[in-house]
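Hi everyone, thanks for coming. I'd like to walk you through a structure that may be new to you, so please have the viewer open and follow along.

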Amino acid sequence: MDFREIECFLNLAEELHFGRTAQRMMVSQARVSQLTRSLERRVGGPLFERTTRAVRLTALGASLRERIAPAFQEMHDAIGEARSRARRVDGSLRVGFLCATMVVPEVVRQFRARYPHCTAELREVHIADPLGPLRREEVDVLSHWLPVREDDLQVGPTMSTEPRTLAVPLGHPLAARKSISVEQLAGEQVFSAAGNAPRYWWDAQSPPRTPSGKPIHRGHPVATVHEVLSLVAAGQGLAPMVQSTADFYARPDVAFVPIHDLPPADVALVRRKSDRRPAVEAFLAMAAQYAQERRRQTAAPRPGATAVRDAVGTG
């Protein structure tokens, strides 16, 4: 039996007016008449008495309404509950991070507050296998330095764009510089990535050559950021990094020198293309909104800045 026919019958039985029923169902009066006649043919008898002045239920119609209305309401409620559960954000969400930016933890805090039925936790991933935990479903979303060019993964919102810096041991000739050029890394030793980190990705983080084509030697393979900085402190190499990592992992035996001609690094959220769970969708939507608002606030002039600029311009 047609769901729409039953809905029309129950509405007409309540309104007893074709025009009001049509408005309630947002259809034409002709459609109401068509649905009513169709149901009457299925039943095998008239459900309504129609005159030019009134519409009344027949005894058959009243009996059908008494039996079918509770069942229809139960089915309607069941469908509504199923829809609500399908949209509900619950379960668990594991957010991996390779870079120690504080942006993602803030989004996790906001996500927990908005969706208390979903547990959200942070998990660190490492240089040696940055994408493996996402593919193995050990994490559901990953905060990762770009680029990521993998067929099974999808890059989501960019959370931050960070300047590049060089980790050098104290006492190294470059440690006293205010900034350096990538060309100054020619002949220096940096690190290679241990494990199965994509080559194109590591080349973007730690260039194998200077812009003029001079080689930058790669030595000891590294698996974690802590290992990188320990080796730098021991004088076994230098390490291009992002500013947030330098801030988060600051230590007294390592200096961080800005690299003024290396492009900034984008940090974005990455997901499995196959994972369309409501929790993942909700987290990415919240992260995109947070990142957009953060960029807007960063771009907005500070209070008084306009007045100062105007005063300078008219002076």
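**A walk through the model**

Let's begin with strand 10, which gives the most to the lining of the largest cavity, with four residues. Before I go on, please keep in mind that this is a predicted model.

So, how many cavities of 30 Å³ or more does the structure hold? There is one. The volume of this largest cavity is about 150 Å³. If you want to find the spot on your screen, 16 residues line the largest cavity, and W202, V228, A239, P240 and M241 are the closest to its centre.

Now let's move to the start of the chain.

On the helix 1 side, the contact is made by R4, E7, C8, N11, L12, E14 and E15, and on the helix 2 side by F18, R20, T21, R24 and M25. Sorted by class, the contact of helix 1 with helix 2 has six charged, four nonpolar and two polar residues.

Between these two helices there is a loop, and L16 lies in it. Do have a look at the backbone there: phi of L16 is near 55°, a positive value in a residue other than glycine.

Next comes helix 1 with helix 3, residues 29-43. Their axes are 9 Å apart, and the packing angle is about 105°. That makes helix 1 roughly perpendicular to helix 3. Helix 1 brings R4, E5, I6, C8, F9 and L12 to this contact, while helix 3 brings V32, L35, T36, S38, L39 and R42. In the contact of helix 1 with helix 3, seven residues are nonpolar, two are polar and three are charged.

That leaves helix 2 and helix 3. Their axes come within 8 Å and cross at roughly 100°, so helix 2 and helix 3 are roughly perpendicular to each other. F18, G19, T21, A22 and M25 of helix 2 meet Q29, V32, S33, L35 and T36 of helix 3. And how many charged residues are in the contact of helix 2 with helix 3? It has no charged residues, with five nonpolar and five polar ones.

Staying in this area, let me show you a pocket. The second largest pocket holds about 180 Å³ of space. Helix 1, helix 2 and helix 4 (59-87) each supply at least two residues of its lining. By class, four residues in the lining of the second largest pocket are nonpolar, three are polar and three are charged.

Where is P147 found? P147 sits in the loop between strand 5 (141-145) and strand 6 (153-162). The peptide bond that joins L146 and P147 is cis, with omega at about 10°.

Terms used. Residues numbered from 1 in each chain as written. Predicted model: local features only at pLDDT ≥ 70, side-chain atom pairs only at ≥ 80, totals over all residues. Heavy atoms only, no water. 1 Å grid on protein atoms, 1.4 Å probe; cavity = no way out; pocket = protein on both sides within 12 Å on 5 of 7 lines; lining within 4 Å. Points joined across faces, edges and corners; volume = space filled by probe spheres on them. Contact = heavy atoms within 4.5 Å. Nonpolar A, V, L, I, M, F, W, Y, C, P; charged D, E, K, R; others polar. Axes fitted to C-alpha atoms, helices over the stretch in contact; angles between N-to-C directions. Parallel < 35°, antiparallel > 145°, perpendicular 65-115°, else oblique.
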